Structures are given as structure tokens and as C-alpha cells.
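Subject: Handing over the two-chain model

Hi there,

Here is the structure I promised to pass on. Have a look at it first, and my notes follow below.

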Amino acid sequence: MLPIDAAAHSNRWRRRHPSEKAALGFGLTLCAVCLPPWPGAVLVAAATLTVLLGPAGVAPRHLWRAFRIPLGFCVTGAIPLLFQVGGPEGFVTFAPGGPVRAGELLLRTSSASLGVLLFAFTTPVSDVLPRLVRAGVPAPVVDVALVMYRISFLLLDAMSRIRQAQAARLGLTTRAAAWRSLAGLGATAFVRAFDRAQRLQAGLAGRGYDGTLRVLVPEAVVSRRFLAATGALLTGLVAVTLVLERSLP
Amino acid sequence: MHIAEGYLPPLHAAAWGVASAPFVVHGVRALTREVKANPESTLLLGASGAFTFVLSALKIPSVTGSCSHPTGTGLGAILFRPPIMAVLGTITLLFQALLLAHGGLTTLGANVFSMAIAGPWAGFGVYWLLRRFDVPLMVSVFFGAFVADLVTYCVTSVQLALAFPDPSSGFLGALGKFGSIFAVTQIPLAVSEGLLTVLVMRLLVKSSKGELTRLGVLLQGGRKSDTTTEAAVR
């Protein structure tokens, strides 16, 4: 299982209804994207971090490990904004206002990433997928996504073990050997995926499979208090941002 | 290359979502039809999607000495056809955003357009065209994967240039800027992905001829399928 999903399964908000957490996490993400980066994204990031590390109980170490990946993309994505091409001063020069634009982008992307991480760290994907049918997603698509989700972990685990075996047999010592091993890994993943699907099919056929994958979904009631608190937090963030935007330089 | 969460302005994010929607809806309808006609194909399609997801976790040795991962869109489009790939790619991108913090939900539409629509359709188009001219399977597979990878990055460059035009030279300057940054790493990576896809396909022809025949990549005698166009249009 991947670290974020593993953490979500043991999170203290696990039993909460996914739509509550979606409203909070995606609401914060939307605020981060739509509000002015200064001071909006800073306020949203602060609020999201407070919720993540406080009420949601996400371990700071887990959060940092997950957050450093999008943070790296945010930083590298902001660097091109520092430069301009084809100005009167030269072919590539520093862009006027580039640092401000790059800084604003960095604030917006990192703040928005935290909002999605809030949802991901508190809601296992297996809790979300079966409920998508009620949201209007066609059942066959949800079934395919469920099978994808289950088989992915098995495949990732198998590939990790195959990789170790290849390394132990000196399969990664030279560039040519590494390419051969990599190709073998890709082909094995394909063969294993289809083998798993055939075995799943045989197993389900024996249990009267009629084309619908029925799974147990943990019962959860939508908390109006949680939704009201979410609404208050989001409204507060918007209001404070608009007030501060006028008063701050 | 996934565009990170929150990277695009809200209007651009929404516009790319709208642009991707018809292709994804078309794919969903094709997938739903397929599953209703053959319920057991749910598992096969799920396995195919899992394969695509796992493929993106493979690390390719890059020419510069660093590593990157294949997009998997070329191989996916050749094996499963572009409409199905649009759906599987969308689910894969969703999983990557939620499980790996790679990509994003507000940028999902833009990422779907480049990685699950433009790349697969371009790669499959080149593959299909070459097969029509009786170019050997492995050569066609190489160019299919190469073009799929390259088109994905070109479309991403266009998306970024539209969102962040250069202060001095506008859209074209920004396109050159983002395109040249990607070109340093992505042209070698596209070649690498093409080569890797050929190696994978060679192994599959040896070990999984039955599956490739079922998917329409090979006929019983190991020749290309003439039904590939029909399947893609469907």
C-alpha cells in the first residue's frame, strides 16, 4: 500500500463521510487557487496545516514526506517565471516582476497541494470509489477503477520484489543490463496484471459474478456540524483575505 | 510531466477540463458498452489500468544520468486504443494525484488532455499509419511511443505558455522557453521510452501472444490487425 493511503486508513477522521472531507479539502484548494496569493494563499496554507496537524492528526513526518514531492514541482515550475525571452536587453534576461510572479505561484501551488493532501491523508481511495456511483459516475467505470486500485498494489509489490531479485543477480550493473531488466520488469507487470485479472475472473465466476462488483462500504452519516464548521472556515478565510488585501501593502 | 496542483489559473484549469470532457465521455461510453457486452472485461480493463499506473512508476535511466518515468501512454494506446486510454489515463491521473501527490485535481483536465488524450491519439495515429504502410511492428511501436511521449510534453508546453505568457515576447516566447526546458530532458526521454516500449513489446510477443491477439495488436499469425482503425473509431 502507498504511504498516503496507508496513513488514511488509520487516520482519526477515517470514519467521517468522504463528502465532509471533500468539502473541506477541496474547498481549501479552491480558495488557494481563486483567492489572491498574498495574503490569501498564505492564510489558506496556515489554516490547512493547522487542520492537518491538529484535528486531523496527521503525523508531521508523513506530511513532509508527501508534501516535498509537490513542493519540488512547485519550485521547479516557478523558476521559468523569473526569466523572459527576447527582450531589448538580451535573448534571455531576468523578467521584470518575475520574482513576484514566481513567489505568488509558489504560494498558490503549495497551498493548493496542502488542501488535496488534507483529503488524501484522511480518506482512503477505497472509501471514495464505491460512493462515486451515487454521484453519477457510471458503475462500469467505478468497477474498473476499483479493480485498478486493488491490482495496482499487488503489482507494485511484485515489481519491487522483482527489482530486488534483478539487482541481486547483477541485472543493474551495466547500462545494457539495466535496460534489459527494465524491459523485463515492464513485460512481467503486463503478464502479471492479466494473470491476476484471469484468476480474479475465475474466482468471481465461481461466486456467481454477474458483472457488478459488490463491495461493503463503511456506514457514515454526513455531519451537519462538520459541514457548518467547514463553511464558516472557508467564509472566514475569504473575508479575512479580502479585508487584509486592502490594508496590507 | 504533470502540471502541479494549483499551477494553472482557475479559468485555464476550467477550460482544459471542458476541452477534455468530450473525449473522456466518449471513452466512458465505449468502456460502458464494452463492459455491458462482456462483463468479464471489467477485470481485464482494470488490469490494463493497473498496468498503466504501475508503468508510470518505472524509472528510466536518462541520457543525462538522472532518472525519469515513462508516460506509458504510447504503449497503452497501442494495446488498449485511445478512447479506452482516455478513461484509464484519467483514473490513473486521479490516483496519482491522490495517492502519490503527483499532478493535481484542479489541473486534472489539463493533465488528462496532454497525457490521456493528445499523447495517446498522436502516438496511436503514427503507429496505425506506419502499420498501414507495412512498416515492421517494432519500428511502428517505437515511433508510436516516441510521438506519444513527445506530443504529451509539447501539449504541456502549450498549456503552460498559454497560462504564463512571456512578459516580453508573449505566448510564442513562453512556448519557446517551456519547450526548450522540456526539450533538454524530454527528447532523450522520448527516445528512451520508445526503446523501452519496443523491448516490452518484444517480450510480450514472445510471452503473451494470446493477450495481444485478444487486444487486436496481433492476428493469429502474428501480423497486424486490420481492425485497429475500426476499434479506435468505435
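Helices here are DSSP runs of H or I with at least four residues, strands are runs of E with at least two, and both are numbered from the N terminus. Two stretches of chain B stay under 50: residues 62-66, with 8 contacts beyond four places in sequence, and residues 222-234, with 17 such contacts. Two residues count as in contact if their C-beta atoms, placed from the backbone, lie within 7 Å. The model scores ipTM 0.88 and pTM 0.87.

A word on conventions: residues are numbered from 1 along each chain as its sequence is written, while chains are lettered from A and ligands numbered from 1 in the order in which they are written. As this is a predicted model, local features need pLDDT of at least 70 and side-chain atom pairs count only at pLDDT 80 or more, whereas totals for chains, interfaces and linings use all residues.

Where do the two chains meet? The contact takes 57 residues from chain B and 65 residues from chain A. On chain B, the elements that each supply at least two residues are helices H1 (10-37), H2 (41-55), H4 (82-99) and H7 (170-207), plus strand E1 (60-61). H2(B) gives the largest share, 12 residues. This side of chain B divides into 38 nonpolar residues (Ala, Val, Leu, Ile, Met, Phe, Trp, Tyr, Cys and Pro), 5 charged (Asp, Glu, Lys and Arg) and 14 polar (the others, Gly among them).

Chain A has 9 helices and 2 strands, in the order α-α-α-α-β-β-α-α-α-α-α from the N terminus. Its radius of gyration, taken over C-alpha atoms, is 23 Å, well over the 18 Å that the globule rule (2.2 Å times the number of residues to the power 0.38) gives for 249 residues, so chain A is more spread out than a compact globule. The C-alpha trace of chain A spans about 70 × 55 × 35 Å along its principal axes.

Happy exploring!

Conventions
pLDDT is the predictor's confidence in each residue, from 0 to 100.
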